[in-house]
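Open the model in your viewer and switch to a cartoon view. Keep the sequence panel beside it. We will go stop by stop.

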Amino acid sequence: MTNQSHSPKFDPARSAAIESLVTKVAQTGTPENQHFQNTKGKRILLSGVAIALLATGGALVMQMPVTDKSSIACLARAELHGNSFPGTTMVLGVPSTAERPDSTIMIEDALSLCRAAWAQNAIDPNDPDGRAHPSLYDPSSSHPVPSPLTVCVLQDGRAAVIPGDEKVCGTLGLALKTDPEPSP
């Protein structure tokens, strides 16, 4: 399977330039901030930002790396309610020992792990909790996997794999994962 392509309206350079301008306008003491403070037509700048947002697909796509790889969230659908979501949390580990009380194994490939959960029918988008009944487990891993799946970053720094393209992250108020996922 190939890496997800960005929408034709998404241009990383343009998005970075817009983000830089907005950041400079918000920082006290920068020439951009001084201009903003001294300009009576503040509505003009806000209109320009709104036009720029529309030109980049409707939202600035914030990007950041995953900083907590102890677990990942595999969402059944693009839905968040604070810290809860429909789907399952995946954790890899080994039995704890006195030498190694922390049994967590860092998860480096969130996308592959959630794809495997979908393929084994562990995730059900039609279930209110987003989890399929254990009796429906598919040991052949042939259950359909949604495409595309996108890796976003939760507020706590963990990866969240969500059905949908890169816009799904911004829709939920999350950042798009910056560092590339390994190809399956």
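This tour moves from the whole chain to the sheet, then to a helix, the disulfides and a few single residues.

**Stop 1: the whole chain**

Start with everything shown. This is a predicted model. The chain has five helices and eight strands. Follow the cartoon along the sequence and the pattern reads α-α-α-β-β-β-β-β-α-β-β-α-β. Of the 184 residues, 32% are buried. Contacts reach along the chain too: among those between residues at least 6 apart in sequence, 56% join residues at least 24 apart.

**Stop 2: the sheet**

Hide the surface and select the strands β1, β8, β6, β7, β2 and β3. In that order they make an open sheet of six strands, with mixed pairing. Which strands stand at the edges? They are β1 (63-64) and β3. Each has a single partner strand, so one side of each is left without a neighbour in the sheet.

Next, select β2, residues 68-75. β2 pairs with β7 in the parallel sense, over four bridges. β2 also pairs with β3 (residues 87-90), this time in the antiparallel sense, again over four bridges.

Move over to β6, residues 149-153. β6 and β7 run antiparallel and are joined by five bridges. Remember Cys152; we return to it below.

**Stop 3: helix α4**

Select residues 110-119, which form α4. This helix lies across β2, β3, β6 and β7, and runs at about 40° to β2. Is α4 largely enclosed or largely open? Eight of its ten residues are buried, so α4 is largely enclosed by the rest of the structure. Show the side chains of the buried ones: Ala110, Leu111, Leu113, Cys114, Arg115, Ala117, Trp118 and Ala119. Then step just past the end of α4 to Asn121. Its phi is positive, at about 60°.

**Stop 4: the two disulfides**

How many disulfides does the structure hold? There are two. A disulfide is a covalent bond between the sulfur atoms of two cysteines. Counting bonded cysteines along the chain, the pattern is 1-2, 3-4.

Zoom in on Cys74 and Cys114. Their sulfur atoms are 1.8 Å apart. Cys74 is in β2 and Cys114 is in α4, so the pair ties together parts that are 40 residues apart in sequence. The torsion about the S-S bond is about -85°, so this disulfide is left-handed. Cys74 is buried, at 1% relative accessibility. Cys114 is buried as well, at 0%.

Now go to Cys152 and Cys169. The distance from S to S is 1.9 Å. This pair links distant parts of the chain, with Cys152 in β6 and Cys169 in α5 (residues 167-171), 17 residues apart. The torsion about this S-S bond is about -85°, so this disulfide is left-handed. Cys152 is buried, with a relative accessible area of 0%. Cys169 is buried, at 1%.

**Stop 5: Arg158**

Select Arg158, in β7 (residues 158-163). Buried or exposed? With 14% relative accessibility, Arg158 counts as buried, since the cut-off for buried is under 20%. Show its side chain and that of Asp156: a polar contact of 2.8 Å joins the two. Then display what surrounds Arg158. Setting aside residues up to four places away in sequence, it touches Val66, Asp68, Ser71, Ile72, Ala73, Thr89, Cys152 and Val153.

**Stop 6: Thr171**

Finish on Thr171, in helix α5. At 65% relative accessibility, Thr171 counts as exposed. Thr171 and Glu79 are 9.5 Å apart in space, yet 92 residues apart in sequence.

Conventions. Residues are numbered from 1 along each chain as its sequence is written. This is a predicted model: local features need pLDDT of at least 70, side-chain atom pairs count only at pLDDT 80 or more; totals for chains, interfaces and linings use all residues. Side-chain values use heavy atoms; hydrogens and water are left out. A disulfide is a pair of cysteine sulfur atoms within 2.5 Å. Helices (H or I, at least four residues) and strands (E, at least two) are DSSP runs, numbered from the N terminus. Buried means under 20% relative accessible area, exposed over 50%, partly exposed in between (1.4 Å probe, protein chains only). A polar contact is a pair of N or O atoms within 3.5 Å; within protein, one must be able to donate a hydrogen and the other to accept it, and residues adjacent in sequence count only if both atoms are side-chain atoms. Contact means heavy atoms within 4.5 Å. Two strands pair if DSSP finds at least two bridges between them. Axes are lines fitted to C-alpha atoms, for helices over the stretch in contact, and angles run from 0 to 180 degrees between N-to-C directions.
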